[in-house]
Amino acid sequence: MELNDIIKDRLKTKGRNQQYLVDSIEGMKKSALSRYLNENRKIPLPVIIAVLDTLNCSLQVRDNETGEIINVTTTTHREN
């Protein structure tokens, strides 16, 4: 499943829409979010993390050699 599809699925599952993300993430523009979700533009990592954080989801990286799981974070903050 592609990242944009995961985000759309999480929005639907949580009963939210794109406007919720725009209103919740500082500096997020509706036009940019639409381009990200329609695969017209790659989603920058800080935006990915902000979107997932807003949806109460996490982003993890798994080291295939050691099996270690690392949570990816950034200093992106959201408005409430």
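Leaving aside its neighbours within four places in sequence, leucine 21 is in contact, meaning that heavy atoms lie within 4.5 Å, with Ile7, Leu11, Met28, Leu33, Val51, Thr54 and Leu55. The model is a predicted one, in which local features need pLDDT of at least 70 and side-chain atom pairs count only at pLDDT 80 or more, while totals for chains, interfaces and linings use all residues. Residues are numbered from 1 along each chain as its sequence is written, and side-chain values use heavy atoms, with hydrogens and water left out.

Leu21 also belongs to the residues with the most contacts inside the largest nonpolar core, together with Ile7 and Val51, and this core has 17 residues. Such a core is defined as a set of buried Ala, Val, Leu, Ile, Met, Phe, Trp, Tyr and Cys residues joined through side-chain atoms within 4.5 Å, where buried means under 20% relative accessible area, exposed means over 50%, and partly exposed lies in between (1.4 Å probe, protein chains only). Each of α1, α2, α3 and α4 supplies at least two residues of this core, and the largest share, five residues, comes from α4. In soluble globular proteins, nonpolar side chains tend to be buried together.

The protein as a whole has four helices and two strands, which are DSSP runs numbered from the N terminus (helices H or I, at least four residues; strands E, at least two). Read along the sequence, these elements follow the pattern α-α-α-α-β-β. The C-alpha trace spans about 40 × 25 × 25 Å along its principal axes, and 26% of the 80 residues count as buried. Of the contacts between residues at least 6 apart in sequence, 51% join residues at least 24 apart. The accessible surface, computed by the Shrake-Rupley method with a 1.4 Å probe and, for residues, with only the protein chains shown counting as cover, comes to about 5,700 Å², of which 44% belongs to carbon and sulfur atoms.

Helix α4 (45-54) is mostly covered, since seven of its 10 residues are buried, namely Val47, Ile48, Ile49, Ala50, Val51, Leu52 and Thr54. What covers these buried residues includes α1 (3-13), α2 (18-24) and α3. Asparagine 56, which follows α4, lies in the loop between α4 and β1 (60-62) and has a positive phi of about 55 degrees although it is not a glycine. Asparagine 56 counts as exposed because its relative accessibility is 62%.

A second residue with a positive phi although it is not a glycine is glutamate 39, at about 60 degrees, and its place is in the loop between α3 and α4. Glutamate 39 counts as exposed because its relative accessibility is 54%. Lysine 42 is likewise placed in the loop between α3 (30-37) and α4, and it counts as exposed because its relative accessibility is 77%. Although lysine 42 and leucine 3 are 39 residues apart in sequence, they are 9.9 Å apart in space, C-alpha to C-alpha.

With regard to rings, the charged end of arginine 16 sits over the ring of tyrosine 20, 4.0 Å from its centre, by a criterion that requires NZ of Lys or CZ of Arg to be within 6 Å of the ring centre and within 35 degrees of the ring normal.
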